Amino acid sequence: MHFDVTGCFREASWGGLVDGYKSGSTAAPSAVFAEPVEVQLGDHRTQLILCMHTEGGGHPARAGFCVNLDYDALELPAAEDNQLLHMCCSLRCGQAQATSNCYLSKFDSTGFQPMYARYNGLYRPRLMVPFWNFHPVHQEVPRHKPVLDVYSSSSSDEHSAVDRSPSATTPSGRLWQCLSAATAEWNETLTSTEILPLRFLPENPFASVPFPSGAFDGTIALIRRGGGCGFAHKACMARDAGALGCIICNGEDHSDLDTQFLTMGLVFQGIESPDPRIPTILVTRSTGQELESGIANAGVRVCIKIDRNESFDTFRQSAERGEAVHMAVVFESVGVAEGISALELCQFLA
């Protein structure tokens, strides 16, 4: 479903929260909300509300803040105990776009304080990634989000909106944007790449052995996950062969949840690799397959963006000018195998 959001950055309190985060002001609000949107999901109606809020109601600089849906307003009865609800949301205003993902399971209020009884039997978040997340100013954590722009000659849009955005025609070719990509810890000090050709060498798909000198000169390398070597090793192999960036794609044995919640590190099986010093991201298996197919056909060019919430500034400016704020939401019901509790699975993933 898709709809317009009203009330976003139309009141001073929205800017006040953001400015309070930057200035450290204790007078800044801890939460602001857009106008609710009534939606029908199956036999039930509920509200979707875009909001900005701090962690635990503290002031923004100390607690940090995020832009997300207000999941306290989502009142959907859970169908079964062993059932997950996946919500993937896309938010766009002007040239700015962001996505969020949330996995919800049935909530049992037994043992909780009475205030939580109202949520008994409803879907409640267990694992989520917001549209934008601003950590407390004192925390040393990754402060960026990777984004992959893909330019190809293909006009196909036959992939799920969960994996990619719809394509659009640009002067650089047909553009679609990968919406699920994990970052690497060494990206923190790096900047975005230019739009560059993407290259895949099928004779050494896992980068398990060194590539010939210059094999990736002036390009971004596409490498498969696995093969007995870690993420940083693969990126180093690509860099040593001339790559200016590296895209690692999941295989059959890997969970695509990793592209939403994992941060790739330098250590693999107790061995630490050198800093690759090139932008590196992890994408889903389906995205990797499409990229390989595009390379084999007419060729693909890509840009790895290291977004340090610059897109949020663009979003804010566009919304304050009065541009429309659009949201699209995909609901996906995920059954859990017999003998595995949906709650235990969410706790494990968290």
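These legends go with a few close-up views of a predicted model.

Residues are numbered from 1 along each chain as its sequence is written. Local features need pLDDT of at least 70 and side-chain atom pairs count only at pLDDT 80 or more, while totals for chains, interfaces and linings use all residues, and side-chain values use heavy atoms, with hydrogens and water left out.

**View 1. Strand 15 and its partners.** Strand 15 covers residues 196-199 (strands are DSSP runs of E, at least two residues, numbered from the N terminus; two of them pair if DSSP finds at least two bridges between them). With strand 22 (residues 300-307) it runs antiparallel, joined by 2 bridges, and here proline 197 sits opposite arginine 301. With strand 16 (residues 220-224) strand 15 pairs in the parallel sense, again over 2 bridges, and leucine 198 faces isoleucine 220.

**View 2. Inside the largest nonpolar core.** A nonpolar core is a set of buried Ala, Val, Leu, Ile, Met, Phe, Trp, Tyr and Cys residues joined through side-chain atoms within 4.5 Å; buried means under 20% relative accessible area, exposed over 50%, partly exposed in between (1.4 Å probe, protein chains only). Of this core's 42 residues, Met52 and Met87 touch the most other members. Strand 7 (residues 83-93) supplies the largest share, 5 residues. Apart from this core lies another one, of 24 residues, including Leu201 and Met264.

**View 3. Around methionine 52.** Look beyond its neighbours within four places in sequence, and methionine 52 is in contact (heavy atoms within 4.5 Å) with residues including Phe9, Trp14, Phe65 and Phe312.

**View 4. Tyrosine 116 in its loop.** Tyrosine 116 is found in the loop between strand 8 (96-106) and strand 9 (123-129). Tyrosine 116 is partly exposed, at 32% relative accessible area.

Technical notes:
Helices (H or I, at least four residues) and strands (E, at least two) are DSSP runs, numbered from the N terminus.
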